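User: I have a model open and want to go through it piece by piece. Can you take my questions as they come?

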Amino acid sequence: GAARRNAALSRAAVVSRRPSPPVHAFFFASAKAAPAGKKLSAKVTKESVIADVSSQFDRWNAALATLDPKKVASLYAQDGVLLPTVSNKVRTSPEEIEDYFTNFLKLKPQGKIDDCNVRLLADDTAINSGVYTFDLVKDGKPAQVQARYSFTYKLIDGEWLIVDHHSSGMPEVKGDDELDLVAKQFDLWNDALQTGDPMKVASMYGPGAVLLPTVSNKVRTTQEEIAEYFENFLKLKPFGTINLSNVRMLATDLAINSGVYTFKLTKDGKESLVQARYSFTYKKFNGTWKIIDHHSSAMPESEEKKLEEVTGLFEKWNAALQTGDPKKVAALYAPSGVLLPTVSNQVRTTPAEIQDYFTAFLKLKPFGKIDNANVRILGNDTAINSGVYTFDVQMDGKPTKVQARYSFTYKKIGGEWLIVDHHSSGMPEKVEQAMQEAEKELAVAA
């Protein structure tokens with residue numbers, strides 16, 4: 001585990017056993033970090049930031065070794081959230097987090113990283129996810145427990161604090177606890193979706209089962225009707241992920257799992273995410289858990305509307321470019337917004353510096369269009385749109401097209417979405433020539 005982590009840091013990149021989707025495919029070059037309790041330095045390398053974030057696990061593990069729940073809880077932000085491995089309760093306050101560790105520390109846990117993936121999401125936000133193993137003492141006997149983890153950190157007053165810690169059991173490891181077996185029924189159902197076979201999915205439902213699907217008014221009450229629903233739904237190539245789960249035993253042969261899940265769907269060649277609420281009620285037939293009631297309903301506060309709103313922010317920014325007024329463009333950036341432009345090495349960190357950049361850039365009469373967009377909602381007031389855009393510009397009096405990669409990170413401030421980070425970079429396979437030409441033109445325009 002440590003060897004793999006050190007190798008990852010020496011390459012100054014995120015190491016993963018699988019190819020990462022676009023959401024993980026970027027770093028914010030302006031990231032600043034410092035060891036806990038120290039002031040931020042003006043210039044730091046990406047390697048040092050990754051190493052610093054990675055070391056936070058050792059800091060957390062050392063706190064576990066003190067067996068003091070207050071010391072462990074102090075590593076979490078005031079609004080930190082803990083979704084622990086062996087408790088259904090989501091802990092959302094320092095007191096609740098401390099309470100969890102009061103019991104967990106009785107097992108004398110010591111952890112080690114088996115697989116580590118560190119990414120920088122913003123200047124002050126990072127995530128480390130992977131697999132860890134704990135040495136525990138349970139009933140006087142040593143035991144080992146492996147689990148998956150995600151630590152999301154935020155730099156607060158120069159100190160990395162945990163804002164979200166999600167730990168979950170390994171899904172392919174069969175648990176003895178009946179609650180674990182019930183929880184794993186979702187994974188079995190999701191696996192059946194991946195086969196693309198509606199009959200295999202329908203076979204997960206027991207005699208007399210009822211399905212109330214998300215996007216159909218019809219209540220399905222027979223195996224045939226359930227299979228017919230999935231015949232259409234499976235065309236979207238759904239892949240489900242549990243966001244929030246609450247498993248309860250109602251009797252020895254009756255259980256319920258309700259919460260929130262998100263599906264990745266593919267429609268017309270484009271991927272999208274759809275979140276919904278769910279309730280699975282299970283009954284055991286001849287030793288096998290079967291679904292007897294499945295109710296899925298859309299989130300009443302539409303995530304889709306929020307995605308549309310964030311997607312439209314590029315057009316608002318592009319319209320500001322068309323005014324030719326650098327003040328109107330700069331007004332779309334938050335007071336603390338950061339701009340890493342395509343053709344300038346200078347990181348712009350103030351409204352005045354951002355306005356200064358657009359004073360020169362707007363002389364090229366740019367008009368942008370999105371070629372590839374990936375919009376994600378990171379929280380109630382935070383979102384990101386990254387992908388590829390192309391600009392029509394006037395260079396040497398001639399119309400020219402320039403393609404680049406972009407990442408806009410937005411935060412809702414005072415009810416308005418503002419850009420808190422805008423990173424634009426030339427296409428790496430032909431960036432050198434394009435940057436040289438653009439730099440010459442900007443010099444002339446300035």
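Predicted model: local features only at pLDDT ≥ 70, side-chain atom pairs only at ≥ 80, totals over all residues.

User: Where does Asp157 lie?

Analyst: Asp157 is in the loop that runs between S4 and S5. Its phi is positive, about 55°, although Asp157 is not a glycine.

User: Why point that out?

Analyst: Because most residues other than glycine have a negative phi.

User: OK. And Asp396, what about its phi?

Analyst: Asp396 is not a glycine, yet it has a positive phi of about 55°. It sits in the loop between S13 and strand S14, residues 398–413.

User: Is Asp396 buried or exposed?

Analyst: Exposed, because its relative accessibility is 66%.

User: Stepping back, how many helices and strands are in the chain?

Analyst: There are 13 helices and 15 strands. The chain has 446 residues, and 43% of them count as buried. Among contacts with a separation of 6 or more, 52% are between residues 24 or more positions apart.

User: Sheets next. What is the strand order in the one with S1?

Analyst: S1-S5-S4-S3-S2, an open sheet of five strands with mixed pairing. S1 (76–83) and S2 (110–122) are at the edges with a single partner strand each, so one side of each has no neighbour in the sheet. On average, neighbouring strands here are turned by 20° against each other, direction ignored.

User: How do S1 and S5 pair, parallel or antiparallel?

Analyst: Parallel, over four bridges, with S5 covering residues 159–169. Leu83 has His166 in S5 as its bridge partner.

User: Which strands of that sheet does H2 touch?

Analyst: Helix H2, residues 46–65, packs on the sheet and touches S1, S2, S3 (125–138), S4 (141–156) and S5. The direction of H2 makes about 140° with that of S2. Helix H4, residues 94–104, also packs on this sheet, touching S1 and S3. For H4 the direction makes about 50° with that of S1.

User: And the sheet with S6, what order does that have?

Analyst: S6-S10-S9-S8-S7, again five strands in an open sheet, and the pairing is mixed. The edges are S6 (205–212) and S7 (239–251); each has a single partner strand, so one side of each is left without a neighbour in the sheet. Neighbouring strands of this sheet are turned by 20° on average, direction ignored.

User: Over how many bridges do S8 and S9 pair?

Analyst: Over 14 bridges, in the antiparallel sense; S8 is residues 254–267 and S9 is residues 270–285. Within that pair, Lys264 stands opposite Leu273 in S9.

User: Which helices pack on it?

Analyst: One of them is H6, residues 185–195, which touches S6, S7, S8, S9 and S10 (288–298). Its direction makes about 140° with that of S7. Another is H8, residues 223–233, touching S6 and S8, with its direction at about 50° to that of S6.

User: Switching to S12 and S13. What do they form?

Analyst: A hairpin, with two residues between the strands. S12 (residues 367–379) and S13 (residues 382–395) pair in the antiparallel sense over 11 bridges. Gly379 stands opposite Thr382 in S13.

User: Now helices. Which residues of H10 are buried?

Analyst: In H10, residues 313–322, the buried ones are Leu313, Phe314, Trp317, Asn318, Ala320 and Leu321. They cover an arc of only 155° around the axis, which puts them on the same side of H10. Gly324 follows H10 and has a positive phi, near 75°.

User: And which are buried in H12?

Analyst: Ile354, Tyr357, Phe358, Ala360 and Phe361, in a helix spanning residues 351–361. Seen down the axis, they fall within an arc of 160°, so they line one face of H12.

User: How far apart are Phe361 and Val393?

Analyst: They are 32 residues apart in sequence, and 9.5 Å apart in space from C-alpha to C-alpha. Phe361 counts as buried because its relative accessibility is 11%.

User: Last topic, cavities. How many turn up?

Analyst: Three of 30 Å³ or more, from a search of the whole structure.

User: What lines the largest cavity?

Analyst: Leu313, Lys316, Trp317, Leu332, Tyr410, Trp417, Leu418 and Ile419. H10 and strand S15 (416–426) each supply at least two residues of that lining.

How values were computed: Residues numbered from 1 in each chain as written. Heavy atoms only, no water. Pairing = 2+ DSSP bridges. Buried < 20%, exposed > 50% of the residue type's maximum accessible area, 1.4 Å probe, protein only. Arc of directions from axis to C-beta. Axes fitted to C-alpha atoms, helices over the stretch in contact; angles between N-to-C directions. Contact = heavy atoms within 4.5 Å. 1 Å grid on protein atoms, 1.4 Å probe; cavity = no way out; pocket = protein on both sides within 12 Å on 5 of 7 lines; lining within 4 Å. Points joined across faces, edges and corners; volume = space filled by probe spheres on them.
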